[in-house]
Amino acid sequence: MSRKKHSSDIKPLEVVKYGHPALRSKGRKIEKIDDSLLRLAEEMLATMYEEEGCGLAAQQIGRSIQLAVIDVIPAMENRPSRAWVNGREIEVDSIMPLVMINPKIHSVGEDRDVDVEGCLSIPGLQEEVDRPARVRVVCQDLSGETLDFESEGLLARAAQHEVDHLQGILFIDHLPPDILKPHQPLLRKLQAKALDF
Ligand SMILES: [Zn+2]
């Protein structure tokens, strides 16, 4: 799987916006990695690059399954990431683009990190989100192999944001009410538009 090359018939998909019910649904566990899943992962990567996001969850293209993709390399210069496998630091690009199937995540240590987040499903809203600074992710990759890594920086943040999506959780759910309040008109507008479909 390459960042730059996609089979010619792989096309970006439509990203659903705030108010679409899929965004509040918990993804089903993926039992079988078949051709249609491989294709969906390629389409999700194409969608993420098209929209210039650093991650995309299946819920964002209207599917309730445990599948998310991440690529932090385009953002690396301004928002660095680090990763470790078995306690040894690895090159982050060696695991990019990252396709996470049935991911589990938990924080490592007590450190917190505050940084700006946005979401392709909530265009026009960016806010600082407080999250654990370091996380461990265990998931399957597209060949069904277990991928088990720890990360910090943007990768740790993106992994938490995407795994949240797979549980029907949005980054705005982490914001204090007083920070979220001024954004309510935008959210209501997105919601009204989503219900129009
Ligand atoms: Zn998002």
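Predicted model: local features only at pLDDT ≥ 70, side-chain atom pairs only at ≥ 80, totals over all residues.
## Starting in the sheet

Strands β5 and β8 pair in the antiparallel sense, with five bridges between them. One spot to look at is H106, whose bridge partner in β8 is R136.

The β5–β8 pair belongs to an open sheet of seven strands, in the order β1-β2-β5-β8-β9-β3-β4, with antiparallel pairing. The edges are taken by β1 and β4, and each of them has a single partner strand, so one side of each is left without a neighbour in the sheet. From one strand to the next, the twist averages 40°.

## The chain as a whole

If you step back from the sheet, the protein chain has four helices and nine strands. Read from the N terminus on, the elements run α-β-β-β-β-β-β-β-β-β-α-α-α. The C-alpha trace spans about 45 × 45 × 30 Å along its principal axes.

How does the radius of gyration fit a compact globule of 197 residues? Such a globule would come out near 16 Å, and the protein chain has 16 Å, so the two agree. Of the 197 residues, 34% count as buried.

## The nonpolar core

The largest nonpolar core holds 41 residues, and A68, V69, I70, V72, L155 and A159 touch the most other members. At least two residues each are supplied by α1, β1, β2 (67-70), β5, β8 (134-140) and α2. Helix α2 gives the largest share, seven residues. In soluble globular proteins, nonpolar side chains tend to be buried together.

Two of the residues named above have also come up or come up again elsewhere. L155, leaving aside its neighbours within four places in sequence, is in contact with V72, S81, A83 and V92.

Q160 is found in helix α2, which covers residues 154-166. Is Q160 buried or exposed? Q160 is buried, because 24 other C-beta atoms lie within 10 Å, and the cut-off for a buried residue is 20 or more.

Which residues does Q160 contact, leaving aside its neighbours within four places in sequence? They are I105, R131 and V135. The C-alpha atom of Q160 is separated by 16 Å from that of M96, and these two residues are 64 apart along the chain.

## Backbone details worth a look

M96 has a backbone detail of its own: a cis peptide bond joins M96 and P97, with omega at about -10°. P97 is placed in the loop between β4 (88-90) and β5 (98-107). Most residues other than glycine have a negative phi, and most peptide bonds are trans.

Positive phi values turn up at E52 and N86, although neither is a glycine. For E52 the angle is about 55°, and this residue lies in the loop between α1 (35-50) and β1 (55-57). N86 has a phi of about 50° and sits in the loop between β3 (81-85) and β4.

Are E52 and N86 buried or exposed? E52 has 9 other C-beta atoms within 10 Å, so E52 is exposed. N86 has 8 C-beta neighbours inside 10 Å and therefore counts as exposed too. The cut-off behind both results is 12 or fewer.

Technical notes. Residues numbered from 1 in each chain as written. Contact = placed C-beta atoms within 7 Å. Core = buried A, V, L, I, M, F, W, Y, C linked by C-beta atoms within 7 Å. Pairing = 2+ DSSP bridges. Axes fitted to C-alpha atoms, helices over the stretch in contact; angles between N-to-C directions. Rg over C-alpha atoms; globule rule 2.2 N^0.38 Å.
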